[in-house]
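User: I would like to learn how to read helix packing, sheets and domains in a model of this kind. Could we go through them one at a time?

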Amino acid sequence: MAATKVYVPRETAAISVGADDVAIEIARQAKKSGDSIELIRNGSWGATWLEPLVEVLVDDERIAYGNVAAHDVAEMFTSGFLTGGDHARRLGPTIEIPYLINQDRWTFWRCGLIESLSLGDFQQHAGFKAIGRAFEMGADAVIEAVKTSGLRGRGGAGFPAGIKWQTVADATGDQKYIACNADEGDSGTFSDRILMEGDPLGLIEGMMIAGFAVGANRGYIYLRSEYPLTHSILTRAIATARESGWLGENIQDSGFDFDVELHLGAGSYVCGEETAMLESLEGKAGIVRYKPPLPAISGLFGKPTVVNNVVTLASVPNIMNLGGEKYASFGVNRSTGTLAFQLAGNIKRGGLVEKAFGITLRELIQDWGDGTASGRPVKAVQVGGPLGAYIPEEQLDTPLDYEAFIEIGAMVGHGGIVVFDDTADMAQQARFAMEFCAVESCGKCTPCRIGSTRGVEVIDRMVEGIEREDNYDLLVELCDTMEDASLCAMGGMTPFPVRSVLKYFAEDFSSAVGADE
Amino acid sequence: MTTKAFDKQAATEIIASFESRAEMLVQILHGFISRFGWISEDAIRLLATKLNLSRAEVHGVVSYYHDFRTSPPGKHVIKICQAEACQAMGSRELSTHAEAALGVDLHSSNENVTLEPVYCLGNCACSPAIMVDGKTYGRVSADRFDDIVAAVGESS
């Protein structure tokens, strides 16, 4: 009898709540009962609230068990786990889990489905089909397809990827680079990580297509050091691709050369800003560069460079396979396609939800997230990381669309959604925005370096009730200066969360002890 | 976390494994951290010589990044996420608990443990999150924190 396939994710969040212990216990119980199993370490499906989510393949159908702890395993075996037997942890077939089936999986479709580090499994699921398609189409047609798709930079800035690629393709120079930004530093975001841990070869394929399109033979992945498991998975994926001739010289006899080097960041938030990242890739302190010149003209080591986020690059293979028009058929207005929203913070069902643009925050938080973890009312939602505005309850019906969010003084960013309940002290959150900027500022420009420290002091005085109105005016003026005169988004957008607190949660400043009003 | 005395021979080998390329400085420093636990003055001198950089240039890079500590850490390094998603789930209270339980303030060390803030471990759907000796833990209540710390203490 063939070995029964059992899936246990090798993914940071799942392991952080015990997936490795569960895998060990499953192997132990199988040995004890004399059952033959094949233990497969897949990525996460992204239903993080159900982790560790274990599956067993029964009659070609994967049966899921959620929130499995190591001490559940013996009992699960007694209940016939290996034949999909009933148990309190049993969720039913994976493909029927509502959290997953109601998504629009374009970029993350292989995450959870395949064994992350298996080249065979990857290729059985259309892996490296897209690069072959790109070779047939030719570089110009690849860029045209990306333009047609309307794909915009998923790191947060939302710049059209096709136009960036065109600029690099048109730039003169023998040496060009692809730099993949995997410095996912925004709080509340983990989609890059889930992608890299669940489908690392898919990212490599996206980088290859970008390299082929613009004429670059070298790619870099700049990965944050807070992701040690991701580092080990990517290292092995790159080695696998090299050993099988999918990276290196003359890839699969195509005449195209491409290789990838993996670099680790070192705990600096600003290194997620593209020019600081390039400095760090060159081995220097991650200090922001002046723009222009754009990295597309003069980037890594002064050469034309495509800097794209992980999710942007990983969205490309299916644009080759299914067409730019198909991608553009998802979404609304100028926000075409899908975004991997990440539900985080005080939320009952946190995780990754890939949906077409146009869905509202309320739908995501209610229908997927099932409200707050604490069961208390939602007070504020921070979207787009620490530089994103705090959105009040009454604006939760705003559709997720880059432009619609700009209109309300917020940003979609990298799609991180952090929920706070009514116990949150928003004055403290405004202070944190300034404090974080003070800790992480690269120090090159004055508004960010000094302004953030002054911002903390001014907020402290307001909270203490010292000359609150004057300090309010001073804080607004400081926000204007930082926004107008900072070199990059760090100082330039730190005012966004601060202003949103002033606008929607001003009462939190006056409720503090010692208030004089 | 292993903390070992600076070993010039071992350090030279790490530099050589990156072909003494100056653009690999950040990566070489990571190699030093995993080998020695911290970046010493001797390490900075050696890097300057081998990479043909000034000591000031090397120091500038070392001091810029949070990861490159310039004093030896405790036997275990515990990082507590202080970013927004974890704040929304009580990371401030968890930090206070950790400081009391370990007898060490954030940003400081004793012989046994170094307690550091970290701004996001990317485990935001399992907040609050911590990292102990490079391993990430999620859904960390005060009780679970104590259990994790006890288990790590026993294994060392």
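User: Is the crossing of α1(B) and α2(B) left-handed or right-handed?

Analyst: This is a predicted model, in which local features need pLDDT of at least 70 and side-chain atom pairs count only at pLDDT 80 or more, while totals for chains, interfaces and linings use all residues. Residues are numbered from 1 along each chain as its sequence is written, with chains lettered from A and ligands numbered from 1 in the order in which they are written. A crossing is left-handed if the near helix is turned anticlockwise from the far one by less than a right angle, and right-handed if clockwise; the crossing of α1(B) and α2(B) is right-handed.

User: At what angle do helix α1 and helix α2 of chain B pack, and which residues make the contact?

Analyst: Two packed helices are described by the angle between their axes and the distance between the axes. Helices (H or I, at least four residues) and strands (E, at least two) are DSSP runs, numbered from the N terminus, and axes are lines fitted to C-alpha atoms, for helices over the stretch in contact, with angles running from 0 to 180 degrees between N-to-C directions. Here α1 (residues 8-17) and α2 (residues 25-36) of chain B pack at about 145 degrees, with their axes 9 Å apart. Contact (C-beta atoms, placed from the backbone, within 7 Å) involves B:Ala10, B:Ala11, B:Ile14 and B:Ile15 from α1(B), and B:Ile28, B:Gly31, B:Phe32 and B:Arg35 from α2(B).

User: In what order do the strands of the open sheet of chain B lie?

Analyst: Strands of a sheet pair through backbone hydrogen bonds, either parallel or antiparallel. In chain B, five strands form an open sheet in the order β2-β3-β1-β4-β5, with mixed pairing (two strands pair if DSSP finds at least two bridges between them). The edges are held by β2 (108-109) and β5 (135-137), each with a single partner strand, so one side of each has no neighbour in the sheet. Strands β1 (residues 76-81) and β4 (residues 130-132) of chain B pair in the antiparallel sense over three bridges, and B:Ile78 has B:Val132 as its bridge partner in β4(B). Helix α6 (residues 91-102) of chain B lies across β1 and β3 (113-118), running at about 155 degrees to β1(B).

User: Which domains does the assignment give for chain B, and how far apart are their centres?

Analyst: Domain bounds come from an automatic or database domain assignment, which gives chain B domain 1 (8-64) and domain 2 (76-155). Their C-alpha centres lie 29 Å apart.

Conventions. Contact = placed C-beta atoms within 7 Å.
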